[in-house]
Amino acid sequence: MPQKLSALRYIRNNKRRTAVLIVSLCLCFVLTMLTQFLLSTTEESFRSLLLGNGKKMQFIDLAGSSYGLDVDNLSYEELVPLYQEKQDTLIDNLNTYEGVKAVYDAQILYECLNPVIGQFYFELPLVEKEEIPIFLEHFGAEIIQGRLPEHPGEIVLDTATMANRGYGIGSYADEQNMGELFKIVGILDCDYYFGCGIPSDEYTCESMITVLSDGIDDMTVLLENEGITYREKYDSIVDYKRTTEILEKEVTDVIAVSTQFIFIGIIILLSIALFIVYTTYLRDRHNEWCLYCSIGYSRKTIYLSILRELLFTFAAAIFIGSIMVAVSEIVLYYIMIQPNGLKCNFLHTGALWEIFCSYALLCGILQIPVRYALYRIRTIDAMDDDLY
Amino acid sequence: MFEIKNITMIYDMEKAEKVYALSGFDLTLPDKGLVGIIGPSGSGKSTLMYCLSTLKKPTDGSILYNGKELTRLRDSERENLRRNEFGFVFQRHFLVPYMSAVDNVTVAAAQSGKAVTEQAQKLLSGFGLGEKEWNKRPAKLSGGQRQRTAIARAMINNPKVLFADEPTAALDHENAFAVMEILKDYAKENLVLVITHDRSILKGADRIIEMWDGDLSAVKECDAV
């Protein structure tokens with residue numbers, strides 16, 4: 001078999017130098033993937049909360065004027081019964097729609113979810129004791145510890161929210177803001193960030209129309225059918241369409257920008273460092289390549305051997321990096337993410353593509369010193385000419 | 001083997017005062033034997049060797065190698081010749097610092113595989129480098145061992161012509177004679193061209209070519225030594 005210039009010969013005999021390149025590329029890979037992984041806990045947790053809950057339960061809070069009431073010329077005493085009447089009618093009518101399981105006029109307690117970055121308050125409906133099993137069934141939730149709420153001011157929460165907030169049975173929900181008003185009496189096994197309870201006797205929370213449904217993404221369509229036009233300025237609706245918008249505008253886009261900044265920063269720093277280190281390495285091998293050229297190896301053969309070394313370095317970095325990322329993600333999941341009731345995404349194909357593309361770009365950038373090193377190759381006679 | 005006609009090599013062509021490294025002479029070299037090229041610095045002996053080995057192209061004249069005109073070869077043909085039919089021992093050993101002695105020899109092989117490694121080990125053993133030295137890097141070898149490794153590298157393809165430019169320049173007398181013995185032995189079947197300042201190491205050469213200012217001042221057959 002004709003002899004080729006083996007890339008492995010250099011790698012085998014220059015483990016430390018090759019390791020420096022592999023470790024730099026590997027660290028960049030691990031850093032990028034783990035940043036993405038940690039940020040994904042925020043995005044995935046919010047996604048589960050906003051999209052999951054938005055599909056199962058919607059909230060409507062309309063202004064009196066949206067019901068067609070002349071709020072400017074009615075006193076508060078006159079307005080309240082009229083508003084209640086309109087709302088009750090709307091609740092009855094919404095109950096008739098296909099896909100709507102039940103509609104309630106429920107008080108809303110807000111609970112907070114804290115991922116790695118940011119926080120988000122979500123709605124916990126407070127309803128009658130008899131209505132709680134309907135909510136649990138709708139969300140596929142089962143009580144696994146404690147009991148269901150029986151008295152005013154008692155609530156149940158899912159395990160993830162409990163873990164995220166550091167609650168236990170007997171804790172008070174949002175104690176910092178609400179005081180000891182809503183006591184947690186049970187823990188739910190549920191795929192959603194979910195909880196519900198019975199209103200407190202001591203404090204009345206804000207009320208909203210609470211709709212349990214499946215497959216209704218946009219509540220404004222139903223309201224339009226009822227002759228009510230949703231006005232963003234005066235009315236408040238929490239449904240799948242709007243939570244999707246919130247997720248995109250306030251979470252996904254913001255995280256994407258942060259991730260891009262971090263990623264670009266890492267790649268620029270890596271490119272500069274690698275360029276300098278790699279140029280030094282190439283310079284040290286000048287005599288070796290001059291020898292090869294003198295004894296009959298073509299420049300193309302020399303170039304291909306350099307390229308093979310470079311590709312091996314990148315491939316090794318990605319291989320080792322992948323193992324490190326996988327191990328780190330599993331460890332982080334069990335020590336940080338799961339105990340905090342957060343969701344995450346293990347595989348970031350987008351980030352992987354970005355890394356592959358940037359590594360391809362980096363490989364391209366490193367062709368500059370490689371081409372220059374090849375240009376500088378001379379046969380030994382020319383080196384002697386320089387000496388004398 | 002080599003038929004050289006009117007070979008001329010001019011440096012600094014663009015300058016008014018041209019430097020003639022080779023000033024147009026004829027020479028014929030045999031198929032085998034040890035040929036020494038001797039002369040002071042700047043006499044053109046290295047330039048002659050580089051022209052014969054296709055590393056340099058002469059400004060004028062012709063070099064026939066086994067009937068092939070070397071000055072008209074394409075780059076790839078010249079590389080093939082250097083790879084398969086010529087061997088080189090340079091003034092400095094030019095061993096690759098990170099490779100073992102064996103790897104330094106096999107790197108020049110035209111073929112790869114276990115047989116090549118065995119051949120390299122055989123050559124090194126023949127040159128007095130024991131098994132202990134095979135895996136040592138050049139920095140761990142003595143000057144003589146380095147030069148013998150460089151000679152083994154030059155011989156790995158069993159070249160028809162071996163060019164040796166001052167192969168003993170960096171060696172003590174004992175090592176210098178040992179290296180010359182290896183070259184003389186190889187010259188029994190092949191052509192070995194040795195450039196040197198030191199006439200004493202050419203004892204036993206088949207022919208000695210003396211150069212002066214880019215020209216041949218004398219060509220002496222072996223009896224003359």
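This is a predicted model: local features need pLDDT of at least 70, side-chain atom pairs count only at pLDDT 80 or more; totals for chains, interfaces and linings use all residues.
Two strands count as paired here if DSSP finds at least two bridges between them.

In chain B, four strands make an open sheet, and the order across it is β2-β1-β4-β5, with antiparallel pairing. The edge positions go to β2, residues 19–29, and β5, residues 68–69; each has a single partner strand, so one side of each has no neighbour in the sheet.

β5(B) pairs with strand β4(B), residues 60–65, in the antiparallel sense, over two bridges. On the β5(B) side, B:Lys68 is the bridge partner of B:Tyr65.

Next, the helix on the sheet. α1(B) lies across β1, β2 and β4 of chain B, and runs at about 120° to β1(B), which covers residues 2–11. Is this helix buried or exposed? Eight of its eight residues are buried, so α1(B) is largely enclosed by the rest of the structure. Among the buried residues are B:Lys45 and B:Ser46, along with B:Leu48, B:Met49 and B:Tyr50. After α1(B) comes B:Thr54, with a positive phi near 70°.

Last, the contact between the chains. Chain B puts in 22 residues and chain A 17 residues. On the chain B side, α1 (45–52) and α2 (75–84) each supply at least two residues. The largest share of that side comes from α2(B), with five residues. By class, the side of chain B touching chain A holds eleven nonpolar, six polar and five charged residues.

Methods: Residues are numbered from 1 along each chain as its sequence is written. Chains are lettered from A and ligands numbered from 1 in the order in which they are written. Two residues are in contact if their C-beta atoms, placed from the backbone, lie within 7 Å. Ala, Val, Leu, Ile, Met, Phe, Trp, Tyr, Cys and Pro count as nonpolar, Asp, Glu, Lys and Arg as charged, and the others, Gly among them, as polar. Axes are lines fitted to C-alpha atoms, for helices over the stretch in contact, and angles run from 0 to 180 degrees between N-to-C directions. A residue is buried if 20 or more other C-beta atoms lie within 10 Å of its own, exposed if 12 or fewer, and partly exposed in between; C-beta atoms are placed from the backbone.
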